[in-house]
Amino acid sequence: MPVAFALSPAVCLLCRRADTDPELYGLMLEAEGLCAHQYCLFFANELFHRRPSNDGLMGFLPEDILHIVERAEQKDCFVCSESGATITCQETGCNRSFHFPCALEGGCITQFLPHYRSYCWEHCPQQEPQAAPENTTCLICLEPVEDRTSYGTMVCPACQHAWFHRGCIQFFANELFHRRPSNDGLMGFLPEDILHIVERAEQKDCFVCSESGATITCQETGCNRSFHFPCALEGGCITQFLPHYRSYCWEHCPQQEPQAAPENTTCLICLEPVEDRTSYGTMVCPACQHAWFHRGCIQFFANELFHRRPSNDGLMGFLPEDILHIVERAEQKDCFVCSESGATITCQETGCNRSFHFPCALEGGCITQFLPHYRSYCWEHCPQQEPQAAPENTTCLICLEPVEDRTSYGTMVCPACQHAWFHRGCIQVGAVP
């Protein structure tokens, strides 16, 4: 009788662990005989992401990965003492190396920003000691934070009002920039799981439309109200586009304190007027208390950030016939920057006919807004910030490099809190869905 062998779980080539928790390590990627955690790939020193290629593991080529693994054989992790440490502290002169899964235990920092910098416990950026107000909760998971800044508890460096758990903000940062669908099932949701949910939902009626098949249930303990996602708005329900994807019925949804909006306040996303006070449809940023939004806009924007996924049709859902039609029309338009034909973007200002290619935007001083409406403007009509001097030694909140000494085309200040400064290039990279 043949002997049955249990298949060994896939092991990450970089950290040598078989852990598969996507919140901690990202997706376990397998291709061309290689296997690696998503985050181990992102943070490995000198491993370059040749995105958005379909080659290798999410654009990391096999030969590059194997070269990194070979070099790491000479480096021991200062946390677990095992060899194969692919991450080295970014501090000049520091040779401490570690595996990605050992970072938390070793008090290391891994920054989910475009440059993916990592630091050991000795050289990681520290926030100034600051006490948290009584009963302060994390803005993401809504659970209590520690009573002061620490390795595990952070305060927003811009507004000084929003507090976070490091684990939550790290997970959130990953969701913003790098969550990618698996090729299995529907965006990584397996058919058997979906069918199981559908079968269970047959026993639940939507309290809004009274039809069966309600797959969402209010998160409030003891509440059994269920509803369909499209019925949420009509039923006054809340669906939170955060890592835990919480949903609440009208009775138990989180409420903002009643607050009057300043006169002529507009939504920070669509720039249209908001209601004159907080309501179900009008919200104020709980951190800075200055930025106002329409619930529909912030929800749409959150969906763009978290859930934009390519269709299997055409190019990311853009159909070939539509693309060819645009290309044909653009043949009649010359780019005002490079003077070549084929300019597919035209300034949104009424009456302005300046057109340009997307790669020419920066050279031409144009603005391309990565918001739901994707507006673009030429240099003459692009929105301008009021002239404002930056405090001495101000750095970009994203890349941590110095900004210019005042607002300009390349240097921007957050219009809500007036404390956070950014390079236009950095904020544009972060905004890309």
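I began with E73, which is partly exposed at a relative accessible area of 39% (buried means under 20% relative accessible area, exposed over 50%, partly exposed in between, with a 1.4 Å probe and protein chains only). Before going further I noted that this is a predicted model, in which local features need pLDDT of at least 70 and side-chain atom pairs count only at pLDDT 80 or more, while totals for chains, interfaces and linings use all residues. I also noted that residues are numbered from 1 along each chain as its sequence is written, and that side-chain values use heavy atoms, with hydrogens and water left out.

**Entry: salt bridges**

I searched the whole structure and found five salt bridges, taking a salt bridge as a side-chain nitrogen of Lys or Arg within 4 Å of a carboxyl oxygen of Asp or Glu. One of them joins R16 to E73, with 2.3 Å between the closest N and O atoms. Because R16 lies in the segment before α1 (22-25) and E73 in the loop between α3 and β3, this pair ties together parts that are 57 residues apart in sequence. R16 is partly exposed, its relative accessible area being 39%.

I next looked up E401 and R117, whose side chains meet in a salt bridge at 3.3 Å, N to O. This pair links distant parts of the chain, 284 residues apart, with E401 in the loop between β18 (376-377) and β19 (411-413) and R117 in the loop between β5 (109-110) and β6 (118-119). E401 is partly exposed with a relative accessible area of 38%, whereas R117 is buried at 18%.

The side chains of E251 and R225 also form a salt bridge, 2.9 Å from N to O. Here E251 sits in the loop between β12 (247-248) and β13 (282-284) and R225 in the loop between β9 and β10, a link between distant parts of the chain that are 26 residues apart. Both ends are open in part: E251 is partly exposed with a relative accessible area of 45%, and R225 counts as partly exposed at 25% relative accessibility.

**Entry: aromatic pairs and charges over rings**

I counted three aromatic pairs, with rings of Phe, Tyr and Trp (its six-membered ring) pairing if their centres lie within 6.5 Å, and with planes under 30 degrees apart taken as stacked, over 60 as edge-to-face and the rest as tilted. For F78 and F98 the ring centres are 6.1 Å apart and the planes stand at 85°, so I recorded the pair as edge-to-face. F78 lies in the loop between α3 (62-72) and β3 (87-88) and F98 in strand β4 (residues 97-98), so the pair ties together parts that are 20 residues apart in sequence. F78 counts as partly exposed at 28% relative accessibility, whereas F98 counts as buried at 0%.

F207 and F227 form another edge-to-face pair, 6.2 Å centre to centre with 90° between the planes. F207 belongs to the loop between α5 (191-201) and β9 (216-217) and F227 to strand β10 (residues 226-227), so that I noted a link between distant parts of the chain, 20 residues apart. F207 is partly exposed with a relative accessible area of 28%, and F227 is buried with 0%.

I then checked for a charge over a ring, defined by NZ of Lys or CZ of Arg within 6 Å of the ring centre and within 35 degrees of the ring normal. The charged end of R96 sits over the ring of F78, 6.0 Å from its centre, and R225, already noted in the salt bridge with E251, lies over the face of F207 at 6.0 Å from the ring centre.

**Entry: nonpolar cores**I looked for nonpolar cores, meaning sets of buried Ala, Val, Leu, Ile, Met, Phe, Trp, Tyr and Cys residues joined through side-chain atoms within 4.5 Å. The largest has 26 residues, of which L14, L41, I65 and F100 touch the most other members. Helix α2 (38-43), strand β2 (34-37) and helix α3 each supply at least two residues of this core, and the largest share, five residues, comes from α2. A second, separate core has 12 residues, including A390, V403, A420 and C426.

**Entry: confidence**

The mean pLDDT of the protein chain, pLDDT being the predictor's confidence in each residue from 0 to 100, is 77, and 74% of the residues reach 70 or more. Over residues 174-188 pLDDT stays under 50, and the model has 26 contacts beyond four places in sequence for them, a contact being heavy atoms within 4.5 Å. Over residues 301-317 pLDDT also stays under 50, with 32 contacts beyond four places in sequence.

How values were computed. Helix = DSSP H or I, 4+ residues; strand = E, 2+ residues; numbered from the N terminus.
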